[in-house]
Amino acid sequence: MKYKITATALTYIAIIGMLIFVTTPIATTEVEYQYYWANDLSESSIQIDGFFSDWRNITFETYVGVDVAIGYDDTNIYVAAEWADNAENDLVSLWNKTGMIETDEAAWDFIDGEDDRLAVGFSNGIDADIWVWTASNRTNDDYAYEMNSTGHPDSGNLPFVMNTNGTTLTDSAKPIYNSTFQPIVDYNVIPNGTMINAWFPQTPNGSQTDVDIAHFFDGANHRVEFRRAIDTGNEDDYVWDLSDLSDIYFVISSSNRDDAEDMEFFMSEVEETREWYDITVTTNVHVLGDAKIYSTGINNGTSVTGLQKIDAVNWRLVADPLAFPTIVSFLIIIGSLAVVLAGIFFIAGKKVGMIIAAAVIGLVSGVVMLIGGIMYMSWTTWYSNSIFQLFEQIEFLDDLEYGTITLMGSGLGLGFYTPLIFGGLIAATAGTLLGLKLYSTFSMKKIKQEE
Ligand SMILES: [Ca+2]
Ligand SMILES: [Ca+2]
Ligand SMILES: [Ca+2]
Ligand SMILES: [Ca+2]
């Protein structure tokens, strides 16, 4: 009699467990919205080598024709930028001697250069750090040229020497070095038609060597990677905390065949960062593969609730027929058959049969959780990659045009752990009962034999 009661109880527990699993959220997830240019790269091990395989999981966005991604880890800030260009141009501007005006006063034409260039930086309206790459050798291969938003360079040797007697290359300026970078002592002896570089490379040092850089041109695209310590220790470098982007602006500028007249560029301000979203997402993945997402969020500090839900989104099951919900569905069908089997045994009064059926139910529930656990990592990866597209359908999030959704935590809700808890309990209890039953059966036989 006690086996009958136990088996009946186990069967009900198994059914209730599965029902709870089917009807409760599979994961309750907190999602924090971050702007694309504040990627936490702690897990990404970025190499400054001009290749972007190390950025493959990071969201790039396009501004002024440049695909750009920005991030940080505990010690560094990183920027990766890629833009289309059909030729690598690296010519600096030139002086061309056209004749003599007076005995010691030559006439010069300024010949525009053709230099490809990218400048990126951060600004808070007061402090700014701008990092410049040029294809020409007026900037160093290993370090970006560093300046502030008014074009004032960081201290230390600059990566170039401008060949001018003034502070500009034009406006009645003239070269002071000859073609071999020697000071010009006699302008008369330079033949007419002589071209002299308006820039010469120089090895940078000091605060001009804080930004590591690497470049690669593949014939169709320039790629540049930058890395700088968050805190360089130099007075002319601001300590940027990209994990708190309040009032920080990213600025960017690029050009094809720049005239190489100066190092000052108009920088486009990319994005304010005052808006910050904390989004709580509850998913309810039914075993047939539909998803419903309910969201509440905070927009600019204002709580936004009562949102649209997205239903009948045939995710996962469509993309991957062997996905988690499908396997769960399959196992639950087996479990249900086992329940029916248990019922038949129950009516027939077969104790061992009921316990075996209960054990099968328990094991099936346990396997649901096991497979669920195995699938969980890929599922959460897919989830974090895909959920932003779903968010875009939510009206209040329409303006979240740029960004990545970071999955901050997995569900601790009943839904996901129900099969483990119920399945584990049932399997353990049923297994123990089965063992006891077999033990007592064999003991009885032994006693009978001894008699
Ligand atoms: Ca790289
Ligand atoms: Ca070019
Ligand atoms: Ca610096
Ligand atoms: Ca600086």
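**Entry 1: strand S5 and its partners**

I began with strand S5 and found that S5 and strand S16 (residues 221-229) pair in the antiparallel sense over nine bridges, where strands are DSSP runs of E with at least two residues, helices are DSSP runs of H or I with at least four, and both are numbered from the N terminus. I took two strands as paired if DSSP finds at least two bridges between them. Within this pairing I looked up Val79, and its bridge partner in S16 is Phe226.

I then turned to strand S4 (residues 66-72), which runs antiparallel to S5 and is joined to it by six bridges.

Why is strand S5 (residues 76-84) largely enclosed by the rest of the structure? I noted that seven of its nine residues are buried, so the rest of the structure largely encloses S5. A residue is called buried if 20 or more other C-beta atoms lie within 10 Å of its own, exposed if 12 or fewer do, and partly exposed in between, with C-beta atoms placed from the backbone.

**Entry 2: what kind of model this is**

I kept in mind that this is a predicted model, in which local features need pLDDT of at least 70 and side-chain atom pairs count only at pLDDT 80 or more, while totals for chains, interfaces and linings use all residues. Residues are numbered from 1 along each chain as its sequence is written, and chains are lettered from A and ligands numbered from 1 in the order in which they are written.

The protein chain has a mean pLDDT of 74, and 52% of its residues reach 70 or more; pLDDT is the predictor's confidence in each residue, from 0 to 100. I marked residues 22-36, where the pLDDT is below 50 and the model has 64 contacts beyond near neighbours in sequence, a contact being two residues whose C-beta atoms, placed from the backbone, lie within 7 Å. I also marked residues 272-323, again with pLDDT below 50, for which the model has 95 such contacts.

For the chain as a whole I recorded four helices and 23 strands, and buried residues make up 36% of its 451 residues.

**Entry 3: the nonpolar core**

I next looked up the largest nonpolar core, which has 53 residues, and those touching the most other members are Val68, Ala81, Val120, Val132, Ala144 and Phe226. Such a core is a set of buried Ala, Val, Leu, Ile, Met, Phe, Trp, Tyr and Cys residues joined through C-beta atoms within 7 Å. S5 gives the largest share of this core, six residues.

Leaving out residues up to four places away in sequence, I found that Phe226 touches Tyr78, Val79, Val120, Trp131, Ala144, Val211 and Ile213.

**Entry 4: Trp131**

Is Trp131 buried or exposed? Trp131 is buried, because 25 other C-beta atoms lie within 10 Å. Its contacts, apart from neighbours within four places in sequence, include Val120, Gly121, Glu146 and Phe226. I also checked Ala119, which is 12 residues from Trp131 in sequence and 5.5 Å from it in space, C-alpha to C-alpha.

**Entry 5: a three-stranded sheet**

Last, I followed an open, antiparallel sheet of three strands in the order S8-S7-S13. Strand S8 (105-111) and strand S13 (195-197) are its edge strands, each pairing on one side only. Strand S7 (residues 94-102) pairs with S8 over seven bridges in the antiparallel sense, and there Leu94 has Ile111 as its bridge partner.
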